[in-house]
Number of protein chains: 2
Amino acid sequence: QALDYDTIENELHGEEERKMSSSDWKWIQFQRWIICMLIGIMTGIVAVVINICILELTAVKMHVVEQAIIHCVKNRCLYVPLLLWIAINVVLVTVASLLTVFVAPVAAGSGIPQIKCFLNGVKVPNVVRFKTLVTKVIGVIASVSGGLAVGKEGPMIHSGSVLAAGISQGRSISFNLNTRFFKHFRNDREKRDFVCAGAAAGVSAAFGAPVGGVLFSLEEAASFWNQALTWRIFLCSILSSYTLNFFMSIYHHHPGDLAYPGLINFGKFSGSYEGFELPIFLLMAVFGGLSGAAFNAINHKITVFRLKYLKAKYFKVLEVVFVAAVSATIAFVLIYWNPECKPLGQDPYVRLQFFCNDGEYNTMAVLFFTPPEESVKSLFHDPLGALQPLTIVIFVLPYFFLACWTYGLQVPSGLFIPSLLIGAAWGRLVGNCVNFIWPDDIWAQDLSKYALIGAAAQLGGTVRMTISLTVILIEATGNITYSLPLMAVLLLAKWVGDYFNHGIYDMHIHLNKVPILPWEPPALSTNIQAREVMGTPVVTLRTVPLVSDICSVLSDPRNCHSGYPITDSEGKFRGVILRTQLLILLKHKEFVERGGSSERIKLSVFRDSYPRYFPLSVINVSEGEQQCHVDLRPFLNPSPYTIQENASLPRIFRLFRALGLRHLVVLNDEYKVVGMISRKDIWKWEHKEKQHDD
Amino acid sequence: QALDYDTIENELHGEEERKMSSSDWKWIQFQRWIICMLIGIMTGIVAVVINICILELTAVKMHVVEQAIIHCVKNRCLYVPLLLWIAINVVLVTVASLLTVFVAPVAAGSGIPQIKCFLNGVKVPNVVRFKTLVTKVIGVIASVSGGLAVGKEGPMIHSGSVLAAGISQGRSISFNLNTRFFKHFRNDREKRDFVCAGAAAGVSAAFGAPVGGVLFSLEEAASFWNQALTWRIFLCSILSSYTLNFFMSIYHHHPGDLAYPGLINFGKFSGSYEGFELPIFLLMAVFGGLSGAAFNAINHKITVFRLKYLKAKYFKVLEVVFVAAVSATIAFVLIYWNPECKPLGQDPYVRLQFFCNDGEYNTMAVLFFTPPEESVKSLFHDPLGALQPLTIVIFVLPYFFLACWTYGLQVPSGLFIPSLLIGAAWGRLVGNCVNFIWPDDIWAQDLSKYALIGAAAQLGGTVRMTISLTVILIEATGNITYSLPLMAVLLLAKWVGDYFNHGIYDMHIHLNKVPILPWEPPALSTNIQAREVMGTPVVTLRTVPLVSDICSVLSDPRNCHSGYPITDSEGKFRGVILRTQLLILLKHKEFVERGGSSERIKLSVFRDSYPRYFPLSVINVSEGEQQCHVDLRPFLNPSPYTIQENASLPRIFRLFRALGLRHLVVLNDEYKVVGMISRKDIWKWEHKEKQHDD
């Protein structure tokens, strides 16, 4: 199923517009701005809630386990804190996975692939429902606090999108709430614009990167750049970031300090780099690409296994519980096994004594036990001797596999932070090597730049995102100095990774067989014509068909298209009507014989039914009514985009991609319908070609 | 005239692609990357040349005038340095204006409006010619060194675009040079992609803002986001910035220090701001919007005056000379009149004694005499007491009017630096006021943030650019801390300014009556149908017309369209052929009677003729040949985008905007041509409506 990003310009629409005055129109424009502002503020508030809950829960958990350890080191009962730790994690994570599995499975993972699909025009069921938001929010709090190797940033993007979809409709079907507001925006096209803004607000809140947020939306929405829309998305982004900052500055007891935005900030990067360090950075980019590709390959195997064997719901929950227990055990063992202890005070935040002597803290515990954002910061900024290379090696290897295993579990889980953590860890190791080779040079004293480049390379090699990711990293770093090496590294890491496999989001989209359209038409396809791609024969309807005809068209499962071409008595093309429109006309019994056009069905009826339409089975059409006629002419879209049979595939592709179409009618030179092309047809064609090549 | 961003998918094209192997295709892709890298590097080098020339010329000029002043303060001959100064400025500026007026008038101004038009699809004559580049480079060096109130950043964007257009074609018609390379890219569509990259490289070199550059291109090009293209633009941007940095770091004797990019950098902003300063910033944004609107309004009056009365070429040169002399005189008088002297050493760069005692320097001379980039930096970063408020007031008022008068003169001249300078000046004044009101608070000691916000507000109020400008400013500041207030200020300044008039670039585009398409379809135009907008009757040709028919169509000035629909004997639409294609067919005498199709004209012939076609008059067609036929079928585009007569204006608009079309054929339901819509038709319709409203 696909979303429809084209406007239905039928008679009803034209009539409404004729009645509209210039000030009505301005009022609608104004509403758009209001909605975007609301989306920004609400997204910021949700981010605050998630953030504070995680901070508090983690602090409580840390305190409990630490007390138990202190008690048990003396009394030789170390299994108690381990079991306690496992128990806490398992309880939290079970909440997350139960919600995800039984309430909203679409809330699993980071949500970025789902939002990508939505903005691309693919209908993902429930993706912007309220219950998804609730699952996402509670789930991400539980899974991050539960010690899984996940981040909260990706889910923020999804949460922002759901909020946007909800607010822009001015109603909630879940709560049976329907306000008078924002009725104009109840269609796929308008909703998408707001979801763009919501996704941007999510990025902005997650990384304190408003510009990165705008770019993320543009990159994924991929329609043509609309300046007014971009401005609104921008405002929404700014407000989201401001709101989060405002509340977090109060929480941190320095109200008004708005300079450090975002759920994660990378701390202050004050250093700089020398020109001759670039080759080192580029080598790191190659390694990041390889490491990211390896991550994706392993995750691919795991995901395929999951799709095949872990179909039952309770299996899914059990797997999550198992991973949580394993994560806790590994962390505990490593903390116990590698008690590299440092004197307290190097970092005012850190008090994790664990198995260390009084007045010392355990470095491994810092990596495993603090919120992952803090661990990233430690890896970035701890001074040269603060972390032994061996500690980092022992930490990063198991964490890599844990993260790999975790992504794809049935819990909301972001991928950014684990990737940054892994990358920062090996980047710091590279820094240690450099420092070992050139021990006396000042430039080699600063490990933070290597950790940053490593983090970027790993993240770029895994997700293969582009411009927006660069901007996000630059904004999170708060330092423009590194923009050039960051870009170069992300570019190279993407190239290296792309040589082996797809980015992890695209990989998951492919595994789910979602008909997402790529960025460009297939290579060398100019000689492929519409007639080779189109679906045929096409089911058409007359301009004033019998109710029985409509019913038989709608009920035939082979005709489960989103729209049907309308032809007149000569067979000439007259327009397109959507399946959902037909359903509404039948339900409201808009039959000619009942005096149809005099008291015609209103545009608001169509708007109110959006977006959850009913199946044909709920409509009762009596025997007598089957012989009535429905006058489709006021409702059909009389001039949709059409294409000739001999149009080339790249041309069709550009139309689909640039205008966000759902279907395209193919006409011959008699102006008769010869076929329909849906996005699935294009996708299938490409897919077939690829299999052919293999 | 318009550019054609649609591909001609005729038989020749299809044949070529059939012969192409997958590796040929990859080779073409690879060439794109190579070209983009070359564009980036070359743009960087041109920026280096411009920058070094200006620095050296300014230094020489400053030295000469200073020596004369030192000599004349003793000997009471102050008219000598004044005249000397005027003379130097006038000579330099005359070079710039002579080149501009007589060689390439399109090189006048910043070039941003021209590039905007080009990317929008409007053909601006000579905009990407080599002579334009030469004029631009020499002209901007001369006019900046010549002491006009102009910057060199806008012209960099134009220079990058010209370089891109030149390099991507693999030849130079001016030099009669034609390499074997890059033949595939000889059409409007491919060229535009590279010009996008060039413009981005220009921004990147000018401001050290690679991300801002990419956004600038996307914002102006406004087609749908193509990811591979964006990556290439990005690489090009990075390389341009790197190249510039690399050479400038050598010039500044610290090779390898790549941390400060760009022709202008704003210096290090280390401070932060408090939440309660936001209202002050927002008030400043309002003032910036007002001030920018005033700037545009005054410039509008001056430009209208110029268009009316200063038509003769020598008038134009004279005006430039006059402005240069006035600029020098005002600067000299102000420096003389306001000898606020400060002890040397506060700024190692400044040695401008002028009328001060030994061991002191003249603050006004710093503002007027150093390169304007340095003045901006002084205003940003000089400590609290370094510049008296009175000095700033006396400086900014005349400078505002000078800048206003200068923009639109017949010299290459950027607007960014003057705007930043004006804004930083009044921003600093605001800072002084704040400091006066709250003298004891630490946050009020830091004037640099007020200067920055003032600069942003003034620039935003003048050019009304959006996302890209924000990112450019953030990148130039090198500090993410200010991103939120900068965005808010730019947004508000734009809103305030838009209440009064258009942005200055759009204003100049409107004054030149360029049919540029806006971002969105006109409001409430769904009920306007294609048949009301289209041009009619349409001149059509048959599939195999007589040569005499073609000649008469081409020679009739009323039919000066860019393309002609082709119909068959029944009158059915068969495709579109371009005027330029017809000219080439006639010139190569591709007549059926001469055995046409056996040794058919090659695609390369069409490519070689691009982009400078010849007029009909150079083609000799004998009396006998007039009765020959031309088989157009292999050459016509058989399936261009078409639209039905009842399609709505927003729908047409979206097609034009998203796909970069030049013309659209309107068909009726018999598949016969009833009209053609060109971008000018849409523009005219909007224009008419507007006049109607007024």
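A residue counts as exposed when its relative accessible area is over 50%, as buried under 20%, and as partly exposed in between. The exercises below apply this to a predicted model.

**Exercise 1.** Classify the ring pair B:Tyr499 and B:Phe500, and state whether each residue is buried, partly exposed or exposed.

Solution. 
- The ring centres of B:Tyr499 and B:Phe500 lie 5.3 Å apart, and the planes stand at 85 degrees.
- Planes over 60 degrees apart count as edge-to-face, so B:Tyr499 and B:Phe500 form an edge-to-face pair.
- B:Tyr499 has a relative accessible area of 69% and is therefore exposed.
- B:Phe500, at 49%, is partly exposed.

**Exercise 2.** Describe the geometry and accessibility of the pair B:Phe246 and B:Phe247.

Solution. 
- The search over all chains gives 38 aromatic pairs.
- One of them joins B:Phe246 and B:Phe247, with 5.4 Å between centres and 75 degrees between planes, which is edge-to-face.
- B:Phe246 has 44% relative accessibility and counts as partly exposed.
- B:Phe247 is also partly exposed, at 35%.

**Exercise 3.** Locate the salt bridge between A:Asp498 and A:Lys494, and compare the accessibility classes of the two residues.

Solution. 
- The side chains meet with an N to O distance of 3.2 Å.
- Both residues belong to helix 18 (residues 483–500) of chain A, where four residues, about one turn, separate them.
- A:Asp498 is partly exposed at 36%, whereas A:Lys494 is buried at 13%.

**Exercise 4.** Which helices does the salt bridge between B:Glu16 and B:Arg607 link?

Solution. 
- The closest N and O atoms of B:Glu16 and B:Arg607 are 3.0 Å apart.
- B:Glu16 is partly exposed at 22%, while B:Arg607 is buried at 13%.

**Exercise 5.** Characterise the interface of chain B and chain A by its residues, buried area and salt bridges.

Solution. 
- Chain B contributes 91 residues to the contact and chain A contributes 91 residues.
- The buried area is about 8400 Å², with 63% from carbon and sulfur atoms.
- Eight salt bridges cross the interface; A:Arg574 and B:Asp669 form a salt bridge at 2.8 Å, N to O.
- There are also 24 residue pairs in polar contact across the interface, both residues at pLDDT 80 or more.
- On the chain B side, helix 9 (residues 227–251) supplies the largest share, ten residues.
- That side of chain B comprises 45 nonpolar, 29 polar and 17 charged residues.

Note on methods
Residues numbered from 1 in each chain as written. Chains lettered and ligands numbered in written order. Predicted model: local features only at pLDDT ≥ 70, side-chain atom pairs only at ≥ 80, totals over all residues. Heavy atoms only, no water. Contact = heavy atoms within 4.5 Å. Buried area = accessible area lost by both parts, 1.4 Å probe. Salt bridge = Lys/Arg side-chain N within 4 Å of Asp/Glu carboxyl O. Polar contact = N/O pair within 3.5 Å; in protein donor to acceptor, adjacent residues only side chain to side chain. Nonpolar A, V, L, I, M, F, W, Y, C, P; charged D, E, K, R; others polar. Phe/Tyr/Trp six-rings, centres within 6.5 Å; stacked < 30°, edge-to-face > 60°. Buried < 20%, exposed > 50% of the residue type's maximum accessible area, 1.4 Å probe, protein only.
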